[in-house]
Amino acid sequence: LIETLADHRVRIVMLNLSHWLEQSRWTDGNGGEVDGDDLARTFAAKALAHLRRKVKRRGEGLASADDETRHELRKDAKKLRYASEFFASLFDRKGEERRHRRFVVALEELQDRLGKLNDLATVPVLLTKLGIADQDGAEAFLSSETGKKEMLERAKRAHDELFDTKRFW
């Protein structure tokens with residue numbers, strides 16, 4: 001430990017840290033603290049906007065997308081939801097908490113719809129893999145094309161609603 005602390009790189013870090021602490025604006029000039037969350041809010045807003053764009057772009061052709069594309073959209077939506085929940089405490093100003101709740105509810109609905117479509121895509125493979133695809137009642141797990149079309153419409157509506165929902169950041 002002593003050898004590590006005596007290293008010239010540690011001195012450089014300590015000098016840089018001291019300089020940063022000295023140069024940073026810790027008060028607003030009126031004796032009060034500056035909102036230290038500003039940098040974090042900026043970072044979070046950029047990250048959330050990036051993830052939101054990915055979900056929007058991938059979901060544009062949702063009705064005609066293949067199973068893999070819908071699965072990727074589902075994963076992107078999950079990342080956006082996790083990030084939204086992780087960064088929520090940074091957006092606690094007036095109206096932001098309410099908008100956050102609405103945004104997450106819309107995102108949950110999209111995830112739920114995409115999850116059902118993913119289940120629909122994986123059930124036939126799973127039933128075959130388990131060797132029970134030809135068992136009585138197995139067809140109940142396989143949706144008709146009409147059912148799939150309806151599920152796709154619901155997913156598309158959920159996607160559209162998410163992007164009609166005002167951002168919280």
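Which side chains meet in a salt bridge of 2.8 Å, N to O, and involve R41? The views below take up this pair and several others in a predicted model, in which local features need pLDDT of at least 70 and side-chain atom pairs count only at pLDDT 80 or more, while totals for chains, interfaces and linings use all residues. Residues are numbered from 1 along each chain as its sequence is written, and side-chain values use heavy atoms, with hydrogens and water left out.

**View A. The salt bridge between R41 and E96.** The side chains of R41 and E96 meet at 2.8 Å, N to O, a salt bridge being a side-chain nitrogen of Lys or Arg within 4 Å of a carboxyl oxygen of Asp or Glu. Because R41 belongs to helix α3 and E96 to helix α5, the pair ties together parts that are 55 residues apart in sequence; helices here are DSSP runs (H or I, at least four residues), numbered from the N terminus. R41 is buried, with a relative accessible area of 12%, and E96 is buried as well, at 7%, where buried means under 20% relative accessible area, exposed over 50%, and partly exposed in between (1.4 Å probe, protein chains only).

View C. H100, found in helix α5, is buried, with a relative accessible area of 14%. A polar atom of the H100 side chain lies 3.0 Å from the backbone oxygen of S84. Leaving aside neighbours within four places in sequence, H100 is in contact (heavy atoms within 4.5 Å) with S84, E85, A88 and F168.

**View D. The largest nonpolar core.** This core has 27 residues, of which L48, V55, F91, L162 and W169 touch the most other members; a nonpolar core is a set of buried Ala, Val, Leu, Ile, Met, Phe, Trp, Tyr and Cys residues joined through side-chain atoms within 4.5 Å. Helices α3 (38-59), α4 (67-87), α5 (96-129) and α6 (145-164) each supply at least two residues of this core. Not counting residues up to four places away in sequence, L162 touches V55, F103, A106, L107 and L110.

Terms used. Polar contact = N/O pair within 3.5 Å; in protein donor to acceptor, adjacent residues only side chain to side chain.
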